[in-house]
Amino acid sequence: MNSNTISRVFIMGFVLAFFAYLFGPLIIMSITAFNSSAFPRVMPWECFSIEWFDVLIQDDKLMLGLRNSLIIGAGVVLLAVPIGLAGALMLTQVSARLRPWYYTIVISPILIPGVVLGISTLVFWDRVGRMFNTGYESIFYDGIFLTILGQATFISAYSMLVFISRLQRFDPALEEAALDLGATNVQAFRKVLLPFLKPAMGSAAVLAFLASFENYNTTVFTIISESTLTTVLASKVRYGINPSISALAVIIVALTLVGAVFFEIAKRREDRAAKAAAQVAAGGRAQAARTYFAEPALMLFVLIFCAGLGTVYFAGTLGLDECKVAVKEEKKRRAAARIKERETLQMFQRAKPGQETGTGAVPPPQTGEAAKGTEGYQGIFAPGNLEGQVESDTGGEPAKGTEGYQNIFAPDNLEGQVGGDQEQKSTGQ
Amino acid sequence: MSADVELENVWIRFGDFVAAREVNITIEGGSFFSFLGPSGCGKTTLLRAVSGFLEPSEGRVKIGGQDMAGIGPNKRPTALIFQNLALFPLMTVWENIAFALEVKGVGKTERRKRAEELLDLIALPGQGDKMVHELSGGQKQRVAIARALAAEPQVLLLDEPLSALDLKLRQHMRTELRAIQQRVGITFIYITHDQGEALTMSDNVAVMSEGVIEQVTDGTSLYDHPETPFVASFVGENNLFRGRVTEADAQFTVVDTNVGPIRARTSTKASLSKGDSAFVFVRPESLKFTNGASADNTIKATVHTEEFEGQFWQVFLDVPGGDKRIKMSLVNDGRQLGHAPGAQVDLSFPAELAVALPEGPLAAE
């Protein structure tokens, strides 16, 4: 193996590690969405299920938050895109000496922490409300209204950046040409500059919507008594979580993927059209453009998507109940076995008090003091008690190692397990 | 319809920089007029003053006798063809052409009809539905002209529109531009740094240098009767001899140079008197090998190289005390020249074909 191969292997390893770091959490989370276990996890795998999507849709709080998020997102787009456009156009109009100052000022909302923006929005509109002597039911205390305003303060700066980068590629001669041909300033703007900025408007709108949709730190202040998707999620994480959140993540990831694929296809079509046009200009023959739906990439994607969706649907509903029953039975069986084992152990200990009673392959070393201390509790603290519930134990010293904690915090222990819980927990401590 | 364009004592300043200095020009309506000069001489600035994109610091721009002060580019009877053409990339060819009508509020069918007429005029019939980027360079050029003509301007301004084209196309477009100008009969004002373009197309040419109009005249006069050293050195090739005036009258001037006294034509505009520093310019094609007959001027030179160019022989020669090698162009009449490098030769030229001018700035090589 020469140094070249080694470096290549190293680079490959690095790339893999990097991607694992980037996408690992997403993949794990997506898998948990399909596990019927009540706690989002991959292991142990119980049943392949899509019930969490159902739970998600049934979740009224979350759905209300989602609805509000969509409304706020739309509002922010309507507010931030025109403001951003105006800001970017202004930048082209101010003199070269003022430009850096102007730029610094209009960009500053991005640099100010969102928390500060949130609080200041709240305080400012409260003052305005007081000034007009309106009550708390007025618009100045409306969470959705304030959130739109608060988010738009910095999101319009984002969209301005999008417009600035597009405007830098605008040939000012085009506007002059329009004027020269008799257009008024308004006509030149509407017929020449605005069409040129259309793609930037699309990007700015998407960017503004996404920035609004995922915003938390400004929203959490300005939303007051309402809720958005992010605030609902945050409170959910705080007060108990189930895989329906993973299901939401799967939906968002899927939507992102779909969007990315469509964007890529559109871009390729554009590139191809440009190339074809160049060929025509160079005297080549014009080729008929493919319709959008005849794109091989798109067709493949739709096929894979539909197949995936179908598989998931059938696999997630067919045989789910049987599987669940089986898992439950299995759990019950295991719990019963454990209880039984413990009972025999206890009986055994009672029969020979104070004596070493290892049940496993290796008897745990027990000092006299330890034995003394546990006597009063009928030997339930005896380290050997844990043996029975550790399925894949390596057989070391059970009392000392971490085995004592194994599985006892796993939520499914709470299911189908009777009586043993309390004891186990205390033995584990 | 065409209109005269008058520039009266026009000064254009950008801070301390003077882009145009005391420009006085009258451009006759319906003529093809060129501003010729090296890049940065202020010709584009003058054009922008005519089209209305900037106001002169001093002086007046008149079109058709009307003072244009305070009238914006969209209200002037001019149309500008930009250096990069500035065709609207998101519109089709016909929409580009009909833009001037669109902003005037002309209906779509009427616009389309007019666009088709103009497409016929520029010999691109039936290409109206293409996008601009589907056209070749020369076609874009013609679309730009059609778009400008659609505005029915009285004056068409062209800012080096051919500079982006390759040589062949450029030569073709020259002829075409001239033909279009004659067909539509409006005033064309053309900006170029290419003297070939200026001389072939124009009725009159103004040569500019550093914001100053050096000379305004027709192409042949410009070549044959330069009035300043700049024009003499910028337009075509010229051999320069420096010296001092020893004799001067209205017809001829004698200048004592490093190759001996040269008798040259006195320039019509410039006045030289005895003792002045002067430049004498002689075109390469005016020089001949002495054939024994008496001539106004004879100079001694040493052959450096002879280059055969098919139509011409280019002979490069050294002269005693000369700071630059001189050049002679001889029409190829089938005879071999066959001078060995270093051969001593005598050159002669008539006084009418040499011009004496007062010392002044020359064009950069």
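Start by selecting α5(A), residues 114-131, and α6(A), residues 143-167, in this predicted model; their axes meet at about 130° and lie 9 Å apart, so the two helices are oblique to each other. Oblique here is what remains once angles under 35 degrees (roughly parallel), over 145 (roughly antiparallel) and 65 to 115 (roughly perpendicular) are set aside. Axes are lines fitted to C-alpha atoms, for helices over the stretch in contact, with angles from 0 to 180 degrees between N-to-C directions. Helices are DSSP runs of H or I with at least four residues, strands runs of E with at least two, numbered from the N terminus.

Now show side chains. On α5(A), pick Leu117(A), Thr121(A), Leu122(A) and Trp125(A); facing them in the contact (heavy atoms within 4.5 Å) are Leu146(A), Leu149(A), Gly150(A), Thr153(A) and Phe154(A) of α6(A). Six of these contact residues are nonpolar, three polar and none charged, with Gly counted as polar.

Next, move to chain B and select its open antiparallel sheet, ordered β2-β1-β4-β5. Strands pair if DSSP finds at least two bridges between them. β2 (17-27) and β5 (66-67) of chain B are the edge strands, each with a single partner, so one side of each has no neighbour in the sheet. Zoom in on β4(B), residues 58-63, which two bridges join to β5(B); there Ile63(B) is the bridge partner of Gln66(B).

Finally, select α1(B), residues 43-51: this helix lies across β1 (5-14), β2 and β4 of chain B, at about 120° to β1(B).

For your selections, residues count from 1 along each chain as its sequence is written, and chains are lettered from A and ligands numbered from 1 in written order. Local features need pLDDT of at least 70 and side-chain atom pairs 80 or more, while totals for chains, interfaces and linings use all residues; side-chain values use heavy atoms, without hydrogens and water.
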